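Here is a short briefing on one protein model.

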Amino acid sequence: MWKQKKAKIWSFSFIILLCITTLFFYMYVWISDPLKADGWSNYDNEQKRIYLSLINDGFIKMEIEKVTVNNGKQPEQLNLVMSYTGQIVSAGIEHSPQARIIGLDEGFIRPKLSENELRELLNNNTKQLPLHYGVMIINKEDIESIRIKYKYFGISKTLNVNLEQAN
């Protein structure tokens, strides 16, 4: 009888501990913002074509769900850009044979590589894993702000970039 009670207490304690751990984990995910804008560049000094370099400081790959510009407007063209060399995503990368430009729903952003991993991939020159990520946005009017909605551990998160403040 005592062994059964003891087993129930341990089981109940384990379930409570698991629930508390899960709750703290999702609270951490909720307050963290792992997607960062590393910088941006434009094409021919105009604000209609923007290349925004992105870094995933999180633990898992993330997918971009939606990108809007200038307070919720849909851009004319939007692509995910992946660089397989040391070149970050910036204006002119579309001409590089070591860059891949795809639709947003066709790829994801892997977590940032450590310095050792980055150095090893650059030295081996395998070009199988992207080293840098970003988005290329083309719009009919000047882009003043960018809003990126993405999922991280199943929770929707948002990155806001104000290009006017960055000038």
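Leaving aside its neighbours within four places in sequence, which residues is I64 in contact with? They are L54, L80, L104, I109, V135, I148, K149 and Y150, where contact means heavy atoms within 4.5 Å. This is a predicted model: local features need pLDDT of at least 70, side-chain atom pairs count only at pLDDT 80 or more, and totals for chains, interfaces and linings use all residues. Residues are numbered from 1 along each chain as its sequence is written, and side-chain values use heavy atoms, with hydrogens and water left out.

**Nonpolar cores**
- The largest nonpolar core has 28 residues, of which L54, I64, I146 and I148 touch the most other members.
- Such a core is a set of buried (under 20% relative accessible area, 1.4 Å probe, protein chains only) Ala, Val, Leu, Ile, Met, Phe, Trp, Tyr and Cys residues joined through side-chain atoms within 4.5 Å.
- Two or more residues each come from β2, β3 (63-69), β4 (77-83), β6, β7 (145-152) and β8 (155-162); strands are DSSP runs of E, at least two residues, numbered from the N terminus.
- β7 gives the most to this core, four residues.
- Another core of seven residues lies apart from it, and includes Y51, V89, I93 and M136.

**S53**
- S53 sits in strand β2 (residues 46-56).
- S53 counts as buried because its relative accessibility is 3%.
- Beyond neighbours within four places in sequence, S53 is in contact with K36, A37, D38, G39, I88, V89, Y133 and G134.

Key
Buried means under 20% relative accessible area, exposed over 50%, partly exposed in between (1.4 Å probe, protein chains only).
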